[in-house]
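This report describes the fold of each chain and the contacts between chains. The sequence and the structure come first.

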Amino acid sequence: MIALLMRDLRLAVRAGGGFGLGLAFFLIVTVLVPFGVGPENELLSKIAPGVLWIGALLACLLSLDRIFALDWEDGSLDLLATAPLPMEGIVSIKALAHWITTGLPLVLAAPALGVLLSLPPTGYLWVVVSLLLGTPALSVIGTFGAALTVSLKRGGLLMSLLVLPLYVPTLIFGAEVARRGAMGLTVETPLLMLAGISFGAIALLPFASAAVLRINLR
Amino acid sequence: MELSVKNLAVARGGVPVLEGVNFALRAGRALVLRGPNGAGKTTLLRTIAGLQPAFEGEVQGAEDRIAYAGHSDGIKAMLSVAENLRFWAQVFNRSEIDGALDGFNLRDLEDRNAGSLSAGQKRRLGLARLMVSGRQVWILDEPTVSLDAASVALFAEAVRRHLAEGGSALMATHIDLGLDEAEVFDVSPYRAKPRVSAADEAFL
Amino acid sequence: MSIWKYANPVTFIRTTDRLLPWLSVAAVLCLATGLIWGFFFTPDDFRQGSTVKIIYLHVPSALMAINIWLMMLVASLVWIVRRHHVSALAARAAAPIGATMTVIALATGALWGQPMWGTWWVWDPRLTSFLILFLFYLGYIALWSAIEDDDTAADLTSILCLVGSVFAILSRYAVNFWNQGLHQGASVMRAGAITGSDTEEKVSNVFFYPMAVSALGFILLFVALVFLRTQTEIRTRRARALLAREQST
């Protein structure tokens, strides 16, 4: 399991697309928003938490199809299926690798991008906390979507269609934590809901992902 | 413990291609599958490897004992030859890769990126993966594709050593490897009678 | 004799063939009665005017939009557990109907919302969750049509339906939390509405009875359509199976 994680991380670093692409996309989305809505600091600081969450979500989505597609194409997935690793373990590790290469950098970059959107000072902590809690759920849910569509050629668009509705609860509670935090309100309820969704998804979804992967492999 | 296949029927896309297949593969033996293209050799091997469910019948003694090498080698272009091998060794809870590097003459390529290898060299790396797996039963689908004569000899030598150590091998190949221990198993007589797939049966 | 004998495609077609004419007639009768009664023989609401009459379409379609997803969930579970093809095909057949019902509910809601709230659309929790439900329907239908092998498609969509149901419920609560909303509560089924002790908050009997007839009509229409569409799916599969047998001999 550790070997699989290390291999995926190493591949992400060497292929160059892993850390870089998602982050660059996040940056571009954040930069484009002021062009779209106008440069008033007041408006920007009001929508900053939501924009950061949407940007992180889209950056996450962008890199999902790489979770299984490469291993599917070069036959590694077949070989992994005959290896002494449980399929549930494989999908969990894949999701973890995706989070480390995509989710975590987004969390760390969010404060810097918050400056560009004049995020209120009280918001930084809660934007980071909410993303830190929410991005694992995005990775795990995305892994399920990637497993569903792995056998389809050009399944990327379909995967977005399947995954985005599943992202709704995470997005709502995550952005709510960030928004309330930025406005200096109490964040307890959405924070607990967000944590619940994350841990629930991490605990249960790998079973569904493993099941659909097995179906796709046969 | 032997690998045995009892009254096995295998299906491709839901339609049975082979049926009534029976054989046993003892330790130290090799079995070479023969048959025309499309006869169902790959499907049979994938079923025995557990990658797809059997249509009928059962496979015994394959669980957690097989190492499978299919048409694609599962090599990561961005990793070096040694890293590729070490990864698969770790997946199978082992660490030794020197034997495999020497056995398939990959020592000189050890630090090369796998992406820069030729097709034949990649194939050798894919086969070397079997040696690091430490599994007893090798299941090989057209293992000698894109190998030159010298490499085929290396491969035959590796199989011979594997058999001598008490392993066994099941392969689909058209090339004579010169293995004395190998029996030939022709799949053509087991062609499934034309019938509809299980999924369709309910609709007729 | 158990209910599972209808899981045989041939039995299913034979049984539903007998039922379909009755169902269709009953559906048309109920819909006609409910809608004509509702549109022409009920008084206007004292505050909402004649716009209130949209409820004879709006409420039943909204009801169906949710219940069709539930039916798909049950059918998916039956497929996963017992692997009856009819069940998987029925779920497949129901999805586009459910999506249509969702669109009807959203469209009639918008038509009513324009004069009443002064806007076609608000991000009200109920409206929003219906929009999300519509997205789930779209994803489900898209996945079905993207996969060629029927059994694989049935397996994958069943699991998607299961996982989707959990997330749909989560979305419902999330959306409720996110915005408290303009939409009135679920006023139809509240006890007072049926027993008649209605206040202005609840739907009075005058409106309730035609709406109930109309809802029954929607249910019958759905059952008839699902039977018809499932039959089509079964016959398509049958034609393909016959073709495959032809080719393999």
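## Chain B: order of elements

Starting at the N terminus, chain B runs β-β-β-α-β-β-α-α-α-β-α-β-β-α. Chain B thus holds 6 helices and 8 strands, where helices (H or I, at least four residues) and strands (E, at least two) are DSSP runs numbered from the N terminus. The model is predicted: local features need pLDDT of at least 70, side-chain atom pairs count only at pLDDT 80 or more, and totals for chains, interfaces and linings use all residues. Residues are numbered from 1 along each chain as its sequence is written, while chains are lettered from A and ligands numbered from 1 in the order in which they are written.

Chain B has a radius of gyration of 18 Å, close to the 17 Å from the globule rule for 204 residues, so it is as compact as a globular protein of that length. The radius is taken over C-alpha atoms, and the rule is 2.2 Å times the number of residues to the power 0.38. Along the principal axes, the C-alpha atoms of chain B fill a box of roughly 60 × 35 × 30 Å.

## The antiparallel sheet of chain B

In chain B, 3 strands form an open sheet in the order β2-β1-β4, with antiparallel pairing. Two strands pair if DSSP finds at least two bridges between them. The edge strands of chain B here are β2 (15-25) and β4 (56-60), each of which pairs on one side only. Direction ignored, neighbouring strands of this sheet are turned by 30° against each other on average. Axes are lines fitted to C-alpha atoms, for helices over the stretch in contact, and angles run from 0 to 180 degrees between N-to-C directions.

Helix α1 (residues 41-48) of chain B packs on this sheet and touches β1, β2 and β4 of chain B. The direction of α1 makes about 125° with that of β1(B). A contact between two residues requires that their C-beta atoms, placed from the backbone, lie within 7 Å.

Strand β1 (residues 3-12) of chain B pairs with β2(B) over 7 bridges in the antiparallel sense. The two strands form a hairpin with 2 residues between them, and B:Gly13 in the turn has a positive phi of about 60°. β1(B) also pairs with β4(B), again antiparallel, over 4 bridges. B:Val5 stands opposite B:Phe23 in β2(B) and has B:Val59 as its bridge partner in β4(B). B:Leu3 stands opposite B:Leu25 in β2(B).

## The parallel sheet of chain B

A further open sheet of chain B has 5 strands in the order β5-β6-β7-β3-β8, with parallel pairing. Its edge strands are β5 (66-69) and β8 (182-186) of chain B, each pairing on one side only. The twist averages 15° from one strand to the next.

Strand β3 (residues 30-34) of chain B runs parallel to strand β7 (residues 168-172) of chain B, and 4 bridges join them. In this pair B:Leu31 stands opposite B:Leu170 in β7(B). Helix α4 (residues 119-133) of chain B packs on the sheet by touching β5 and β6 (137-141) of chain B, and its direction makes about 175° with that of β5(B). Helix α5 (residues 149-164) of chain B also packs on the sheet, touching β3, β6 and β7 of chain B, at about 145° to the direction of β7(B).

## Chain A and helices of chains A and C

Chain A has 9 helices and 0 strands. The C-alpha atoms of chain A fill a box of roughly 55 × 35 × 30 Å, taken along the principal axes.

The table lists two helices with their spans; the expected span is 1.5 Å times one less than the number of residues.

| Helix | Residues | Length | Span, first to last C-alpha | Expected span |
|---|---|---|---|---|
| α9 of chain A | 188-217 | 30 residues | 43 Å | 44 Å |
| α2 of chain C | 55-82 | 28 residues | 39 Å | 40 Å |

α9(A) has a kink of about 40° at A:Leu204, shortly before the proline A:Pro206. The bend at a residue is the angle between axes fitted to the seven residues ending there and the seven starting there. After α2(C) comes C:Arg83, whose phi is positive, near 55°.

## Contact between chains A and C

In this interface, 18 residues of chain A are in contact with 20 residues of chain C. On the side of chain A that touches chain C, α7 (123-148), α8 (156-183) and α9 of chain A each supply at least two residues. The largest share of that side, 10 residues, comes from α8(A). The residues of that side of chain A divide into 17 nonpolar, no polar and 1 charged. Here Ala, Val, Leu, Ile, Met, Phe, Trp, Tyr, Cys and Pro count as nonpolar, Asp, Glu, Lys and Arg as charged, and the others, Gly among them, as polar.
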